[in-house]
Amino acid sequence: MLHSISHKSVCAIFCARKHFTNRFQFFTMFQYCTTNLFTDKIQTQLYAKFRPSYTDDIFKRFIDFYQEEHCDFQLAVDVGCGSGQSTLPLAKHFKQVIGVDVSEQQLANAPRDVQNITFHISPAEELSFIRSSSVDLVTIAQALHWLDLKKFYAEVDRILKPGGSLIAYGYGICSLKPEEAEHIFSHIYHEVLPSFWAEGRKMVEEKYASIDLPYPGWIRDDSLNIVKKCSVSDFIGYMGSWSAINNYNKTNSGDILDQVQHKLNSCCAMTNSDTPITVTWPVFMLMGHKPRP
Ligand SMILES: C[S@@+](CC[C@H](N)C(=O)[O-])C[C@H]1O[C@@H](n2cnc3c(N)ncnc32)[C@H](O)[C@@H]1O
């Protein structure tokens, strides 16, 4: 469910300090994250509220793929799980689900009341708390581009059962309707923000075109979209969860989201709808089976 947010509270996010609550988290963030992404308390709350949820047809697509080779539904592991958007739907299919993320702040916003999900703070590259050959499915949503792939793939191969699957998926740059809203968004995204993104963003924009899965015969599916109707303030909340906006505001005076919100409000003023903006995110999925011996 989306909650509205004022531009003032978005401003507060950008002023919030970084939180490292223990040495372990500092060490892992330092070692495995090239930036201090996903550690700011209020920004991670924004993430939980405004990032798009994955639709049933996305889960159906990869469960169908998974079942081509394997039909055990004992244990799924969702790596880089953030606040649980990508973890929660797995609980309907698997007896046990483990969500793993390196950011304590992201996990603090994950649901705690689902009996068959447990969350662990850990880098994706060190999953020693998971037994070898014990996992049926490993998923990683919108996070593969942050990882040391060689180490991560070695851990995936160790924990997966033969015939189990690795699914890496995410969503690229969104497009907006009405067209005038798209022009406003497109200008900010393509003309103003490019130098304020971390390097990994490029891989998302390219829908992981340069990334291979470690398993022979792996496939990709770019046929699905996430579509959401939302208010201007909801869309501003979504943009507020971007590291590039945070980075821009650190080095420029004024809040760029004030300007975007003002322009989007003007362009949507004539509509009577509470949700005048339709946002479409293109989904990409990379799917592979661990070969059987
Ligand atoms: C864009 S979020 C995706 C969250 C969630 N899977 C989703 O789809 O909404 C990326 C997540 O990857 C996590 N992350 C980044 N580097 C990581 C690493 N080395 N090990 C584990 N998690 C990592 C971040 O903390 C963040 O929560």
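These legends walk you through several close-up views of one predicted model.

Two notes before we start. Residue numbers begin at 1 in each chain and follow the sequence as written. Because this model is predicted, local features need pLDDT of at least 70 and side-chain atom pairs count only at pLDDT 80 or more, while totals for chains, interfaces and linings use all residues.

View 1. Helices (H or I, at least four residues) and strands (E, at least two) are DSSP runs, numbered from the N terminus. Of the 293 residues, 38% count as buried. Here a residue is buried if 20 or more other C-beta atoms lie within 10 Å of its own, exposed if 12 or fewer, and partly exposed in between, with C-beta atoms placed from the backbone. Two residues are in contact if their C-beta atoms, placed from the backbone, lie within 7 Å. Among contacts with a separation of 6 or more, 76% join residues 24 or more positions apart.

**View 2. Helices H9 and H11 packed together.** Two packed helices are described by the angle between their axes and the distance between the axes. For H9 (residues 232–240) and H11 (residues 256–268), the angle is about 155° and the axes are 10 Å apart. Axes are lines fitted to C-alpha atoms, for helices over the stretch in contact, and angles run from 0 to 180 degrees between N-to-C directions. On the H9 side, look for Val232, Phe235, Ile236, Met239 and Gly240; their partners in H11 are Leu257, Val260, Gln261, Leu264, Asn265 and Cys268. Sorted by class, this contact has eight nonpolar, three polar and no charged residues. In that sorting, Ala, Val, Leu, Ile, Met, Phe, Trp, Tyr, Cys and Pro are nonpolar, Asp, Glu, Lys and Arg are charged, and the others, Gly among them, are polar. Nine of the nine residues of H9 are buried, so this helix is largely enclosed by the rest of the structure.

**View 3. The largest nonpolar core, with 45 residues.** A nonpolar core is a set of buried Ala, Val, Leu, Ile, Met, Phe, Trp, Tyr and Cys residues joined through C-beta atoms within 7 Å. Val77, Val79, Val138, Ile167, Ala168, Tyr169 and Met285 touch the most other members. Several elements give two or more residues to this core, including helix H4 (56–67), strand S1 (75–79) and strand S5 (160–171). S5 gives the most, with six residues. Leaving aside neighbours within four places in sequence, Val138 is in contact with Val77, Val79, Val156, Leu160 and Leu166. A second, separate core of 22 residues includes Phe50, Ala181, Leu264 and Ile277.

**View 4. Ala76 in strand S1.** Ala76 counts as buried because it has 27 C-beta neighbours inside 10 Å. Not counting residues up to four places away in sequence, Ala76 touches Leu90, Phe94, Val97, Asp136, Leu137 and Thr139. Ala76 and Thr139 are 63 residues apart along the chain, yet 7.6 Å separates their C-alpha atoms.

**View 5. Backbone details at Pro178, Lys207 and Tyr208.** The peptide bond from Lys177 to Pro178 is cis, with omega near 10°. Pro178 sits in the loop between strand S6 (175–177) and helix H7 (179–192). Lys207, in the loop between helix H8 (201–205) and strand S7 (219–221), has a positive phi of about 55° although it is not a glycine. Tyr208 lies in the loop between H8 and S7, and its phi is near 60°.
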